[in-house]
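This report covers selected features of one protein model. The sequence and structure come first.

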Amino acid sequence: MHLEDRTVFAGRGVAISLADLAMFADVHEIVSDEESYPELVQLPHLLRWIDYIQSKDAAAKIFPRIPVKKATFDPPQQQSPVALACNRIALASLPSSSSTDDKTAAKSVKKTGAEAAAAAAATTSSSSVRPQAATGSAKILTTNAIAVSQRAAVSETAVREESKAAEATTSTAQQQQRDHQQVAQEEESSSKKKIQNQKPAAAQKKKESDTNVSVLDIRVGLIKKVWKHPGTDALYVEEIDIGEGNVRQVVSGLAKFLTLEQIQNRKVFVLRNVKPGKVRDVLSSGLVLCASNTDHTQCEPVMPPDGTRIGEMITVAGCEEGSSSPEEILNPKKKQFENLQPDLTTDDAGVANYQGKPFMTTAGACTSSIVNGTIK
């Protein structure tokens, strides 16, 4: 009954399933038995299903093929109109029978009815045996089918549980991978932030070192020779000894404020690590530090104290500790001296200082006759 309106045992489609293969394995031996096969002819739907399953590669590669004889369908034949008309004429032409004939006919009918009944009973008895046997086989097949279905259901449940377990394991692994990636990203981000924080600190430190007065190399020098600049009356050209063995040629703008005699043999401070360059086509390899008043009407070199030796480098009181060594040559692009110059001044006593800290030599502080002035 289960296969009357189905192509396969499980489902409503035409694709065979594990349940069909398991069921086929159970019934294969029974159907292959020649003695049982005549009983199974009474189950045409089962035979149709067996023939369908064994035609598939999944079963054909495992089980020997069973010769299945499907039930044939013989539609009832209808008589032609001519045959029907002849029968009617033949019946109408029969003579009427006497009472004796009627009794004989009745007996004949009764005998025929009895014989028909006996034949029918025999037929019924004979046919009842086959359905009972077929019903027994069907019950066995049905029981096997239920068992196979139950095993298939258990198998499918196990597969689903294994699939869920695998998905859970995969999900856990993916979550752990995401956690590791997040930790790695956070560490990378933290590292980048540290580097970014270090860069401004390093840049600030570098900037501070570039704007620290310790980058200036200021030496005590003695002007050995002086003359006017050949290209302008506003400048002097001096040869200054700063203890290097050779004199340095320096161009200064003192011609408007001091005479040649006032400049000759005078001790001055020379910024020696400025980059050499030409001033009106004359090479200058240093800078004489001079103090000037606010309106720049007075200007004179800052003076070292008596007893200061030639070539001595000045220091700034309070800036010695932790200070770096002066640079060999100041970088013009950084404008280091230009950035420091606004803090180079003279106080109300005429002492040269940087941010209020005096310029010092081994003989004492450096001074100028111009008070509250700027040094450049």
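The model is predicted, and local features are given where pLDDT is at least 70.

**The sheet**

Five strands make up an open sheet with antiparallel pairing, in the order S3-S2-S1-S4-S7. Strand S3 (248-252) and strand S7 (287-288) each have a single partner strand and stand at the edges, so one side of each lacks a neighbour in the sheet. In general, the strands of a sheet pair through backbone hydrogen bonds, in either a parallel or an antiparallel sense.

| Strands | Bridges | Sense | Bridge partners |
|---|---|---|---|
| S2 (residues 236-241) and S3 | five bridges | antiparallel | Ile-240 and Arg-248 |
| S1 and S2 | six bridges | antiparallel | Leu-222 and Asp-241 |

**Thr-361**

Thr-361 belongs to strand S13 (residues 357-361). Is this residue buried or exposed? Thr-361 has a relative accessible area of 10% and is therefore buried, since the cut-off for buried is under 20%.

**Helix H1**

Helix H1 (residues 18-32) contains 15 residues. From its first C-alpha to its last H1 reaches 21 Å, close to the 21 Å expected at 1.5 Å a residue.

The buried residues of H1 include Ala-19, Met-23, Val-27 and Val-31. Asp-20, Phe-24 and His-28 are buried in H1 as well. An α-helix has 3.6 residues a turn, so residues three or four places apart point the same way.

**Pro-67**

Where does Pro-67 lie? Pro-67 sits in the loop between helix H4 (57-60) and helix H5 (81-92). Its relative accessibility is 70%, so Pro-67 counts as exposed; the cut-off for exposed is over 50%. Pro-67 and Ser-32 are separated by 35 residues in sequence, while their C-alpha atoms are 8.5 Å apart in space.

Key
Residues are numbered from 1 along each chain as its sequence is written. This is a predicted model: local features need pLDDT of at least 70, side-chain atom pairs count only at pLDDT 80 or more; totals for chains, interfaces and linings use all residues. Side-chain values use heavy atoms; hydrogens and water are left out. Two strands pair if DSSP finds at least two bridges between them. Helices (H or I, at least four residues) and strands (E, at least two) are DSSP runs, numbered from the N terminus. Buried means under 20% relative accessible area, exposed over 50%, partly exposed in between (1.4 Å probe, protein chains only). The expected span of a helix is 1.5 Å times one less than its number of residues.
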